[in-house]
Amino acid sequence: MFNNHFIKVVLLSSLLVPSLSAQELVVGYDGFYNRIKNSKKEQYVNTKIGVFLNNSQTGKHCQIENAFINFEGAITDVEIGADSELLLPFDKDLRDNKAKLHVNVTDTASCDLAFQIMTTENNTAEYSTLSLVKQIEEFDLFLGNMAGYFGRMNLPATVGVQFIFDETVDAYTTSGHLFKSGKQISLSQDEIIRDKIAGIKFSKQPLRIVPLTEI
């Protein structure tokens, strides 16, 4: 069985946040800073932690009206990505001075704060095998460092990548053969070797690229 590492906040015990049951979430910025900092190390060329709000009933991203950071009355707008990602700044002063993140949503159901390990860039529809193998290795290193020494002993290996789309797409190998179709398309290192895949081309760019692990 495979898992694409969508991590709910309850798994990150240093950032304990209640579900969003009203229309606004207010939470300290400092916990986000510490997570973002993990992906700023030199060995992570194209890996980050995305921040999302997920509807507790549907599992889909909550519809965000607006988001901002409030620091001593000074308001800084937070950009919302195309896939409802909260694009938070990386600012040590906001952490040290206990700034607050405010998020307003339109969902009537509660929303859960969640983190997604994902690539920093996904602005193309074609990926070479070399770039994907490097990304798999980087995901595995990132997950291992996040888990720490004891957690790493029970951490499943990263075996591939998963491409997430907003609609069903076709994936072709660079040789022109149809590989898979779907809204979530996985590619493992075993498939790359077995099928001698030199690269993958999609009919559109993915929303996200995330780790694929065996559990």
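The exercises below concern strand pairing in a predicted model.

**Exercise 1.** Determine which strands pair with β5, and how many bridges join each pair.

*Solution.* Begin with β5, which covers residues 64-71 and runs antiparallel to β9, residues 100-105, with six bridges joining the two strands. Within this pairing, N66 has N104 of β9 as its bridge partner. Then turn to β6, residues 74-77, which is also antiparallel to β5 and is joined to it by four bridges; here I69 stands opposite T76 of β6.

**Exercise 2.** Place the strands in their sheet order and explain why one side of β3 and of β6 is left without a neighbour.

*Solution.* The order is β3-β9-β5-β6, an open sheet of four strands with antiparallel pairing. Because β3 (24-28) and β6 stand at the edges and each has a single partner strand, one side of each lacks a neighbour in the sheet. From one strand to the next, the twist averages 25°.

Key
Residues numbered from 1 in each chain as written. Predicted model: local features only at pLDDT ≥ 70, side-chain atom pairs only at ≥ 80, totals over all residues. Heavy atoms only, no water. Pairing = 2+ DSSP bridges. Axes fitted to C-alpha atoms, helices over the stretch in contact; angles between N-to-C directions.
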